Each structure stands twice: as structure tokens, then as C-alpha cells.
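This report describes the structure shown below, with headings for each topic. Please read it alongside the sequence and the model.

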Amino acid sequence: MKNIMKIIRNFFNFINFKSQLKNIIIFVPLALSNKDFEGFGPESFFYPLLIFFIITNIVYITNDFSDKKIDKKNKTKINIQNIHEIKASSIIAINLSLLILFLLIYETVFFSIHLLIYIFSFYIYNFFTKKIKFIDTIFLTNFYLQRIFYGADIYDIEISNIFIIFFSTLFFILSFSKRYTQIYLNKLTLKNKIISYDMNDLKNLKYIIITLIFLNFLSLSIYLLQTNSFIKHFDFLFSYHSTLQINYNHYILSGLYVYCLVDLIFNLFKQYINRDFYIYAIKSIKYTSIVFLFFIYTLLTKII
């Protein structure tokens, strides 16, 4: 019993609350759909967040434990100083506890195959692909996308192709930007032990990010112009739930999004970001305001 309590205490001691903000992504499919909130009680929003809260924290703790030696040299890691206090047996125990979680929710509406894909993708990433250049960003992007797919699954939302293109390019931008920041902050040399990139990769990563931004903005433009006669020829990009009546509010929110992303990437390329890329973004009122406005707008349109 004492060992169990110690494991639970260790789990809560190393919870990364800032990273939990990523989990609100699961509500994006519902927010962008034609569905309203009728029929969804508080538990419809609380339990999905709780499930991902548990899963992602186990993932973060496991990842930090696996990287505890190399992260001592990684300047973007600031919360791993006590990770050495956790024993390997505790890491194994909290990962095995996921079996209990899946058994508890298996016959509920909150279970989805995307939870399993998320956790198994993490194991592949953590033990095999983390140090493979470019392949690692595919897995980092996949972690974001599985949150999207999970939300669509439990809320019964049909995801359109344009929706997938937009968010895939956005998440790839975030993944490559994370690597870009790690490279210049650590001044990584060839064959360093932190990641499979070095200073020589900055130029190529810059071109990749710029290309992804172009594709992301192009997909956003197509979405906003979905009623245009020319765009209608590409109806395979849309679904029933993705087709909305576009109004000036969508253009305002899109303009704020474009501004925030361009400003963020400008700071990235100028190497003004002096911490983990994700932490930098969520600590900025300028960037988080677009997320706040988006969900406030969504809430108002769903309940009024």
C-alpha cells in the first residue's frame, strides 16, 4: 500500500500543468462543426479532459525519465531536475495503470481507438523514432492529430479533408519550430546526444516551415471561400459538418490567427525565443488571446 501511495504521489509531483493546455484541442472538432451543445452535459467535457490529463502526464513523465541524462544539457528543459527521484519500477507501474484506465472506459462513449493509437505511437516514438531526423516530427504531429481525431470520434463529428490539411500543416509547423528552437538554443553540433539535428539544419528547417505556412494559409483561404463557385469544384475537401455560413467573425478570427502565427514564426527565425517553443507560445497573451477569443465566440454561437 505504501508503494502504491508513493507512486501516486510521484505522479502528481511531476504533473506538467502547462502542457495540459494542449488537450483542449479535443474540443476543436465540436467547436468548428454545425452541432450545438444540446445533449452534451458537463461530463461530456470533463471526462475527455480527465482521460487525456492522465494519459498525457504518464507520457510526459515517461519521456522525461527516458531522457533524464541528455536533458541535463538541453536548455529547453527546465522542469526535469527532480525526475531522477523516480525509479524505473514506478515508471513501469504508472504505464501499466493505463490498462486499468482503458478497462474502466472501454464500454463508455469516452473510449476511442485513437487513445490506443496515441499511447502506442508514444512508445514507438520514445524508444525508436525520437532520434530519427524528420520521422520524429511526424510522431510529434501525430500526437496533436490524435487529440483532434479523439474529439471527433466521441462527439460524432465527420472530419473534412480541408480540416485535416489545415491542422496537419499547423501541427507540423509547431513540431519543426520546436526542433528549430532546440537547435539554436543548444547550439547543437553534429552527432549531438540531444536530437538528430544540428546547426546545419536550420536553413532547411526554415524553408520547410515557410512552405508549411503557405499550405496552412492556403487551406484556411479555401475554407473561408468555400461558397465561391470555383472552390465548389473541390467539394471533396468538405463535409457536412465542415460547411459553415462564413461571416465577418470568421474573417476577424482568421486575421488574428494569421497575425499570431506570422509573429510567432518571425520571433522564431530571429531567434528571439529563449525557452521551449511551446512554453513561449502559451505564456504570451498575444498568442493565447486568439485561442481564448475562438472558444468564447464558439460558446456564444452554440448557446445563443
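## Aromatic rings

Tyr 144, Phe 163, Phe 166, Phe 167, Phe 171, Phe 217 and Tyr 257 form a cluster linked by ring pairs. Rings of Phe, Tyr and Trp (its six-membered ring) are taken as paired if their centres lie within 6.5 Å; planes under 30 degrees apart count as stacked, over 60 as edge-to-face and the rest as tilted. The count by this rule is 29 aromatic pairs. In one of them, Phe 134 and Tyr 197, the ring centres are 5.9 Å apart and the planes stand at 90°, so the pair is edge-to-face. Phe 134 belongs to the loop between helix 5 and helix 6 and Tyr 197 to the loop between helix 7 and helix 8, so the pair ties together parts that are 63 residues apart in sequence.

Relative accessibility is classed as buried under 20%, exposed over 50% and partly exposed in between (1.4 Å probe, protein chains only). Phe 134 counts as partly exposed, at 35% relative accessibility, whereas Tyr 197 counts as buried, at 0%.

## Basis of the model

The model is predicted: local features need pLDDT of at least 70, side-chain atom pairs count only at pLDDT 80 or more, and totals for chains, interfaces and linings use all residues. Residues are numbered from 1 along each chain as its sequence is written, and side-chain values use heavy atoms, with hydrogens and water left out.

## Overall architecture

The chain has 11 helices and 0 strands. Helices (H or I, at least four residues) and strands (E, at least two) are DSSP runs, numbered from the N terminus. Of the 304 residues in the chain, 52% count as buried.

A contact requires heavy atoms within 4.5 Å. Among contacts in the chain between residues at least 6 apart in sequence, 74% join residues at least 24 apart. Val 291 and Ile 24 are 267 residues apart in sequence, and their C-alpha atoms are 9.9 Å apart in space. Val 291 is placed in helix 11 (residues 285-303) and counts as partly exposed, at 35% relative accessibility.

## Packing of helices 5 and 6

Helix 5 (residues 113-129) packs with helix 6 (residues 135-154) at an angle of about 170°, and their axes are 9 Å apart. Helix 5 is therefore roughly antiparallel to helix 6. Axes are lines fitted to C-alpha atoms, for helices over the stretch in contact, and angles run from 0 to 180 degrees between N-to-C directions. Angles under 35 degrees count as roughly parallel, over 145 as roughly antiparallel, 65 to 115 as roughly perpendicular and the rest as oblique.

Residues making the contact include Ile 113, Tyr 118 and Phe 122 of helix 5, and Ile 135, Phe 139 and Arg 147 of helix 6. The contact residues divide into 13 nonpolar, 5 polar and 3 charged. In this classification, Ala, Val, Leu, Ile, Met, Phe, Trp, Tyr, Cys and Pro are nonpolar, Asp, Glu, Lys and Arg are charged, and the others, Gly among them, are polar.

## Lysine residues

Lys 187 has a phi near 50°, a positive value in a residue other than glycine. Lys 187 is located in the loop between helix 7 (161-186) and helix 8 (202-224) and counts as exposed, at 60% relative accessibility. Lys 191 is also not a glycine, and its phi is positive, at about 60°. Lys 191 is found in the loop between helix 7 and helix 8 and counts as exposed, at 78% relative accessibility.

Two further lysines lie over aromatic rings, where a charge sits over a ring if NZ of Lys or CZ of Arg is within 6 Å of the ring centre and within 35 degrees of the ring normal. Lys 22 lies over the face of Tyr 278, at 4.5 Å from the ring centre, and the charged end of Lys 206 sits over the ring of Phe 269, 5.2 Å from its centre.
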